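Biologist: Could you take me through this structure slowly, and tell me what stands behind each word you use for it?

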Amino acid sequence: MEQLLGWVLQLGVLLAAAVALLGGLFYVFGHAMQAADYRVFQGEPADVTTLGGIVRGAWHLNSRDIVQLGVLILLATPITRVSLSALAFACQRDRTYLIVTALVLALLLASLLTG
Amino acid sequence: MAPNVLELTLLLWLGAVVAGIVGALTGLGGGIVIVPMLTLLFKVDMRYAIGAALISVIATSSGAAASYVREGYSNIRVGMFLEVATTAGALSGAFVAGLIPTSALAVVFGLFLLYSAAVTLRAQHETAEPVSPDPTATRLNMNSTYPVAHGHAAYYPQRVGLTWALMAVAGLLSGLLGIGSGALKVLAMDRIMRLPFKVSTTTSNFMIGVTAAASAGIYLSRGYIDPVLAMPVMLGVLVGAFTGSRLLVAATPAVLRTLLGVVIVALAIEMIVHGVAAWI
């Protein structure tokens, strides 16, 4: 189980990195000499802050959205890890830690949904 | 004069590699390097920096986790139990963060770093004496072993309740500052729970990713996560974290602690100066 967990994590991280690299290369080669000014906070447009916007943008090969899709995959790795741990505790019939892990997962999802 | 996209990407990537190595070795996550680098070197607004730090913390955690899980360093039971407190704390902290001006946030972050450094440096002078199993930890099935030079050594977590309470504070800070607040986690597990140093750092490494993910939704929807900053940070930190996780086995905790303490003090002073300057 530990081995499987390690393997899944590695796969998720590599996938996230590959997607972000692809989008990033597109973006950097398109805007290499453009000034990168982040001194003033402007927030981000809706296409990179919402799940739907990111997926739609990435589908249309918008480089910023492809990077953001990679970010989303990365953000999903800890959630996947907790879910798999819950599964592992269930298999071991460890009731205490199944509850503990389920609680962590619930808190995680609650904060993701309220955001 | 703002750098162009190519310069920013390459420099940020290099800095992120260092952040990933340091983060994976210490269990602090890369945020502690990424935030000052972005705000001080590239003059990036604190909120973008916090967004990038969140990415770096999750990348460090997941990047190093694969090998830590396989090697058997991190204690998933301890991590998961404490994570309940941290996640709940982080959830409350992230809501308050948007209401506080960024300069004040920088000062708070700086003071927090100074405190972390002081405790890190002091910790070295104490020596852990061998301890017997703690009833609470035993009931919670937390006693375990970890790899040492020849085979495995047993260890017994102490004062579970106090550590749990401290983790709630760590969670609140991380939600407030957008960092994994790994320092407080490592120190609590190291000094109060009396886990072996490498177990503390690798278990913290597991926890910071989960804590950070809890506030990721809020930061994403508020527009703190910019893809142009996120890409080099994420890729650099992953390379660093893979490297760091391989170095951990050979690394001596004593040297790391000292080095880290000094680096943190320097960064803390810079952050406070930066925050106060923006205020005036």
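The conversation below goes through the terms one at a time.

Modeller: This is a predicted model, in which local features need pLDDT of at least 70 and side-chain atom pairs count only at pLDDT 80 or more, while totals for chains, interfaces and linings use all residues. Residues are numbered from 1 along each chain as its sequence is written, and chains are lettered from A and ligands numbered from 1 in the order in which they are written.

Biologist: How do you know what confidence the predictor has in chain B?

Modeller: The predictor gives each residue a pLDDT, a confidence from 0 to 100, and chain B averages 81, with 90% of the residues at 70 or above. Where pLDDT is low, the predicted coordinates should not be read in detail. For chain A the average is 84, and the complex receives an ipTM of 0.89 and a pTM of 0.85.

Biologist: Why is Leu113(B) called buried?

Modeller: A residue is buried if 20 or more other C-beta atoms, placed from the backbone, lie within 10 Å of its own, exposed if 12 or fewer, and partly exposed in between. Leu113(B), which is found in helix H5 (residues 102–123) of chain B, has 26 such neighbours and therefore counts as buried. Of the 280 residues of chain B, 60% are buried by this rule.

Biologist: What makes Met142(B) buried, and where does it lie?

Modeller: Met142(B) lies in the loop between helix H6 (135–139) and strand E1 (144–147) of chain B, and it is buried because 22 other C-beta atoms are within 10 Å. Two residues are in contact if their C-beta atoms lie within 7 Å, and, leaving aside neighbours within four places in sequence, the contacts of Met142(B) include Asn75(B), Arg77(B) and Pro157(B).

Biologist: Why are H1(B) and H2(B) called roughly antiparallel?

Modeller: Axes are lines fitted to C-alpha atoms, for helices over the stretch in contact, and angles run from 0 to 180 degrees between N-to-C directions. Angles under 35 degrees count as roughly parallel, over 145 as roughly antiparallel, 65 to 115 as roughly perpendicular and the rest as oblique. The axes of H1(B) and H2(B) come within 8 Å and cross at roughly 155°, so the two helices are roughly antiparallel.

Biologist: What makes a set of residues a nonpolar core?

Modeller: Its members are buried Ala, Val, Leu, Ile, Met, Phe, Trp, Tyr and Cys residues joined through C-beta atoms within 7 Å. The largest such core holds 127 residues, and among those that touch the most other members are Val71(A), Ile34(B) and Ala230(B). Helix H3 (residues 46–71) of chain B gives the most to this core, with 16 residues.

Biologist: How many residues does each chain give to the contact between them?

Modeller: Chain B gives 54 residues and chain A gives 54 residues, and on the side of chain B the largest share, twelve residues, comes from H3(B).

Methods
Helix = DSSP H or I, 4+ residues; strand = E, 2+ residues; numbered from the N terminus.
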